[in-house]
Structures are given as structure tokens and as C-alpha cells.
Amino acid sequence: MADIRQFNYRAMATHFEVRIADEERTYAAQAAQAALDLLDRLESRLSRFRSNSDMAQIAELRPGEKMRLSEHAFACLEIAKKMEQATCGAFSATPSALQTQTSLPQWRLLREEQSVVCEVGHLQFDLGAIGKGFALDQMAELLRNWDCPSFLLVAGGSSILAGNAPKDSPGWSCGLGEDNARQRFFLAHASLSGSGLAVKGCHIVDPRNGQVALRQNRAWAMTDMAAESDALSTAAMVLSESELEQVLAQDESWLVFLEAAGIAVPKGRRTLPLQG
């Protein structure tokens, strides 16, 4: 039976858990604290509610202006741009802009300058649909550098990232939905994110038209990276089934579950992990 240490923390307006397996207690606590310290630094850069964050400062840009970003802020926006393009705009890092603007702002990244350029409109980034997953990816990299490869990272229950499986186990037991969910999988080297209407109601907007997403009740995405699964599960809430098939055809490591009659039906070519 694996020896698992669990550490809890509050950040990004949600509850985070760091679970480390097969490691001595004191060292596991030190590694977990380092990961949580990193989480604090990431929130200070990515939260639009922090006046000195990269996202808050970006909002001051006028069309044609650019701003150099911190390494983490640039990396997060780079993934956001990738997922925006991969989902044909069904995911966006600026959905809240539609509350004050008639169309989404346009922006681009300059990799050689590590900068963002405001092209059209007012840049109102809201990384709620990708920021927690990005944080888990960065925390996972840190834990691996600490030689703690067997871990499970959880952000609010809607974003999960698993490292190596605990000793004598096929993986970390994770469910599609609540803790007592019937459909469970043993995850290793994979992320699982969920989006839905049950907790916050009709809060997801289709960034392509500004309409509230009512196509799905729940959607989950399984990928290799938590930032990608966060964005993909959000996009799956607004995509039609034919559009979703086109998106999933781009990457064999992507899998989406759509709720139908109380059962989560998988879509995509990723091999399902062992069911628990």
C-alpha cells in the first residue's frame, strides 16, 4: 500500500490539494511547500484581480501597444492562443470582454520579445478556464525536479493532474464528477478537467457569438497537460458534435466525455485508462 502525504491550500479562489506518494514525510512536505509557493507567484502574475499582475497591466494597453511579460504569463498566454486556434475559437482567454465590447479583442504574441501586442479592442484577459490547469502543470514540473514524480494535483475538483502511479497501484483513482461518481479511472501521466452547469449555473459563454452555452450539461477532457484539458473541457461545452470531432482529430492525446442520460460518453482517439 502506497504511503501518501496530502497538503491543502487556498489559492485562485479555490481549494488546491498536493498529494505525494512514496516519499519521506519531511521531504514531501518541503516539496509540497515549494509547489505551493510557486502557486502563489503564479497567481500574482495571472490574476486579473491583482493590480500589479501581468493581466491587470495588459488591460491598460491601447491598440498598437505591446508589453513584455513575465516568463509564466507569456507561457500561459501561448497555450491559450494555441487552444483558441485548435478549437476554432470555442475557447477564448478573453470571454469577459464581450460584456463591454461588441466583439472579442485581437492580440498576438512576439516570442522573440516575450511580449503581447494589443491589435484591436481592449484586452480583458480572464484565465479562469485555463489558469488553474497551467498552475498544476508548473507545479508538476517543480515536483519532478524535486524528484517527487508520484503525485496527484487537484484544483477545486474540476482540474486534476496525475504524475507517476503510487507504488503497487495502476494509478490515482479519479472520478468523472463528484467523489462518489460511478465512472472512475486510474490516472497516471494524464490530466482530467471538467466543466458544467451544475455548480455555477449558465455561466459559460460561447466566445464566437456571445451566447450562453446550453448545448451540454457537463463535459470532461483528458489530455497530457492540465492547461489543455481545462481549455478543452470548456470548449466542449459550446462545440457541436461535428465540430468537436474535428477538434479531437488534431491530437490523438485528447479525449472528451459528454454527459448523456447520466453517463459520460467518451469521444476521441486517446486510449481510455484502466477503469476503477
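Helices H1 and H3 are roughly perpendicular to each other, a label that covers angles of 65 to 115 degrees, with under 35 counted as roughly parallel, over 145 as roughly antiparallel and the rest as oblique. The model is a predicted one, in which local features need pLDDT of at least 70 and side-chain atom pairs count only at pLDDT 80 or more, while totals for chains, interfaces and linings use all residues. Residues are numbered from 1 along each chain as its sequence is written, and side-chain values use heavy atoms, with hydrogens and water left out.

Back to the helix pair. The axes of H1 (residues 25-46) and H3 (residues 71-86) come within 9 Å and cross at roughly 70°. Axes here are lines fitted to C-alpha atoms, for helices over the stretch in contact, and angles run from 0 to 180 degrees between N-to-C directions. Helices (H or I, at least four residues) and strands (E, at least two) are DSSP runs, numbered from the N terminus. On the H1 side the meeting residues are Leu38, Leu42 and Leu46, and on the H3 side they are His72, Ala73 and Cys76; contact means heavy atoms within 4.5 Å. That makes five nonpolar residues, one polar and no charged, where Ala, Val, Leu, Ile, Met, Phe, Trp, Tyr, Cys and Pro count as nonpolar, Asp, Glu, Lys and Arg as charged, and the others, Gly among them, as polar.

Next, the sheets. Eight strands make up an open sheet in the order E1-E2-E6-E7-E10-E11-E12-E13, with antiparallel pairing; two strands pair if DSSP finds at least two bridges between them. E1 and E13 (263-268) sit at the edges with a single partner strand each, so one side of each has no neighbour in the sheet. From one strand to the next, the twist averages 15°. H1 packs on this sheet by touching E1 and E2, and its direction makes about 20° with that of E1. Helix H6 (residues 241-248) packs on the sheet too, touching E12 (255-260) and E13, with its direction at about 50° to that of E13.

At the E1 end, eight bridges join E1 (residues 4-11) to E2 (residues 14-21), and the two run antiparallel. Phe7 stands opposite Val18 in E2, and Tyr9 stands opposite Phe16 in E2. The two strands form a hairpin with two residues between them, and Met12 in the turn has a positive phi of about 50°.

There is also an open sheet of three strands, ordered E3-E5-E4 and antiparallel in its pairing. Its edge strands, E3 (66-68) and E4 (106-110), each pair on one side only. Neighbouring strands are turned by 20° against each other on average, direction ignored. Three bridges hold the antiparallel E3 and E5 pair, and Arg68 has Ser115 in E5 as its bridge partner. H3 packs on the sheet and touches E4 and E5, its direction making about 125° with that of E4.

Val120 lies in E5 (residues 115-120). Its relative accessible area of 47% makes Val120 partly exposed, given that buried means under 20% relative accessible area, exposed over 50% and partly exposed in between (1.4 Å probe, protein chains only). The C-alpha atoms of Val120 and Pro63 are separated by 5.3 Å, although the two residues are 57 apart along the chain. Leaving aside neighbours within four places in sequence, Val120 is in contact with Pro105 and Gln106.

Not counting residues up to four places away in sequence, Ile58 touches Met67, Leu69, Leu77, Val116, Leu123 and Phe125.

Finally, helix H5. Eleven of the eleven residues of H5 are buried, so this helix is largely enclosed by the rest of the structure. Among the buried residues are Ala226, Ser229, Asp230 and Leu232. Glu228, found in H5 (residues 226-236), counts as buried at 6% relative accessibility. Leaving aside neighbours within four places in sequence, Glu228 is in contact with Lys82, Met83, Thr223 and Trp254.
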